[in-house]
Amino acid sequence: MKLADFLPVVLGTGFTFFMTVLGAAMVFLFGRQMKQSLLKAFMGFAGGVMVAASVWSLLLPAIEEATAQGKSGVIPAGGGFLFGAVFFLAVDYVLQKLHAQKMEKLRVMEEMGGKQHLSKKMTMLFLAVTLHNIPEGMAVGMAFAMVSQGSESASVTMVSAIALAVGIGIQNFPEGAAIALPLRQENLSRKKAFFYGALSGIVEPVAGILTVLIAGSVKAVLPWMLSFAAGAMIYVVVEELIPEAHVESGVKIGTIGALVGFLAMMVLDVALG
């Protein structure tokens with residue numbers, strides 16, 4: 001791929017990273033904690049956006065690209081989706097095991113008078129959010145990789161890629177805040193809390209560029225990687241975002257947010273496309 005082909009990828013993933021930074025910057029505006037109803041609305045909205053994006057910006061383009069290559073669209077779409085979901089299921093399982101081990105060590109430290117429990121929990125939160133940003137960076141990178149292939153539908157794909165970047169960027173806003181604000185609550189300085197919140201999003205440009213490098217050299221893997229990113233994103237939505245949007249919530253604010261997010265992303269992808 002030419003160097004110019006990476007410019008849309010850098011801009012797209014740079015925008016999603018910027019939104020994470022913007023969310024982390026809320027630590028300078030709010031007190032020590034974001035209002036829970038607002039956070040739940042953001043999480044639900046993010047889940048709806050990611051579900052719609054997985055369908056219209058990832059799975060459908062994966063099927064279309066495979067068909068254009070003279071292959072069945074079902075196998076790469078279904079197979080890639082399954083691989084993405086299973087891969088992050090395995091990663092999540094490993095993280096839970098590591099988390100359980102760390103919590104046991106911290107319990108012993110607390111009994112000995114240690115005060116590191118919450119700071120370690122924040123470390124786990126940081127790692128989890130950073131991990132979840134990887135498929136998002138992959139998704140944006142792959143969407144713009146479709147544009148770089150120069151197919152006849154490149155203009156439509158560009159609209160989809162931009163819509164996906166905007167949707168994921170919106171979703172990244174509460175993630176940055178979700179890390180920075182609790183860190184501030186643990187008496188970290190605003191600057192340090194902002195730094196860690198922003199740092200969680202840096203993997204998106206990295207993942208996007210690396211994905212495009214791989215996909216650009218082997219066009220045949222594009223449908224598989226698009227659907228892989230879709231499977232990973234759906235797993236994140238089902239495992240993390242939707243449950244988080246409904247924890248201790250008597251009002252269906254998370255459900256409403258998810259419906260609005262799905263509708264907004266669908267309109268953005270279909271109407272503009």
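A: Start with burial: a residue is buried under 20% relative accessible area, exposed over 50% and partly exposed in between, with a 1.4 Å probe and protein chains only. In this case 45% of the 273 residues of the protein chain count as buried. The model is predicted, so local features need pLDDT of at least 70 and side-chain atom pairs count only at pLDDT 80 or more, while totals for chains, interfaces and linings use all residues. Residues are numbered from 1 along each chain as its sequence is written, and side-chain values use heavy atoms, with hydrogens and water left out.

Q: How many helices and strands does the protein chain have?

A: Helices (H or I, at least four residues) and strands (E, at least two) are DSSP runs, numbered from the N terminus. The protein chain here has 9 helices and 0 strands. Read from the N terminus, its elements run α-α-α-α-α-α-α-α-α.

Q: What does the accessible surface of the protein chain come to?

A: Such areas come from the Shrake-Rupley method with a 1.4 Å probe, and for residues only the protein chains shown count as cover. For the protein chain the total is about 13200 Å², and 71% of that belongs to carbon and sulfur atoms.

Q: How do I read contacts in the protein chain?

A: Contact means heavy atoms within 4.5 Å. Take the contacts in the protein chain between residues at least 6 apart in sequence: 85% of them join residues at least 24 apart.

Q: Which residues is Asn172 in contact with, leaving aside its neighbours within four places in sequence?

A: Asn172 has its place in helix 5 (residues 154-185). Its relative accessible area is 0%, so Asn172 is buried. Leaving aside neighbours within four places in sequence, Asn172 is in contact with Thr16, Met19, Thr20, Asn133, Glu136 and Glu204.

Q: Is Gly208 buried or exposed?

A: Gly208 counts as buried because its relative accessibility is 0%. Gly208 is placed in helix 7 (residues 203-217). The C-alpha atoms of Gly208 and Met138 are separated by 4.7 Å, although these residues are 70 residues apart along the chain. With neighbours within four places in sequence left aside, the contacts of Gly208 are Val9, Thr13, Gly137, Met138 and Gly141.

Q: Where is Ala245, and what does Ala245 touch?

A: Ala245 lies in helix 8 and is buried, with a relative accessible area of 0%. Not counting residues up to four places away in sequence, Ala245 touches Lys40, Met43, Gly44 and Gly254. Between the C-alpha atoms of Ala245 and Thr255, 10 residues apart along the chain, the separation is 7.6 Å.

Q: Where is Phe262 found?

A: Phe262 is found in helix 9 (residues 253-270). At 28% relative accessibility, Phe262 counts as partly exposed. Leaving aside neighbours within four places in sequence, Phe262 is in contact with Gly48, Val49, Val51, Ala52 and Trp56.

Q: How many aromatic pairs does a search of the whole structure find?

A: Rings of Phe, Tyr and Trp (its six-membered ring) pair if their centres lie within 6.5 Å; planes under 30 degrees apart count as stacked, over 60 as edge-to-face and the rest as tilted. A search of the whole structure finds 6 aromatic pairs. For Phe87 and Phe228, the ring centres are 5.8 Å apart and the planes are at 50°, so the pair is tilted. Phe87 lies in helix 3 (residues 74-111) and Phe228 in helix 8 (residues 222-246), so this pair ties together parts that are 141 residues apart in sequence. Phe87 counts as partly exposed, at 43% relative accessibility. The rings of Phe195 and Tyr196 have centres 5.5 Å apart and planes at 70°, so that pair is edge-to-face. Phe195 is partly exposed at 46%, and Tyr196 is partly exposed at 37%.

Q: Which residues form one aromatic cluster?

A: Phe87, Phe88 and Phe228 form one such cluster.

Q: Which residues line the largest cavity?

A: On a 1 Å grid over the protein atoms alone, a cavity is a set of points where a 1.4 Å probe fits but cannot get out, and lining residues have an atom within 4 Å of a point. Grid points are joined across faces, edges and corners, and a volume is the space filled by probe spheres set on the points. The structure holds 1 cavity of 30 Å³ or more, and about 30 Å³ of space lies in the largest cavity. Its lining is made of Ala66, Gln69, Lys71, Pro76, Ala220, Pro223 and Trp224. Ala, Val, Leu, Ile, Met, Phe, Trp, Tyr, Cys and Pro count as nonpolar, Asp, Glu, Lys and Arg as charged, and the others, Gly among them, as polar. The lining residues of the largest cavity divide into 5 nonpolar, 1 polar and 1 charged.

Methods. 1 Å grid on protein atoms, 1.4 Å probe; cavity = no way out; pocket = protein on both sides within 12 Å on 5 of 7 lines; lining within 4 Å.
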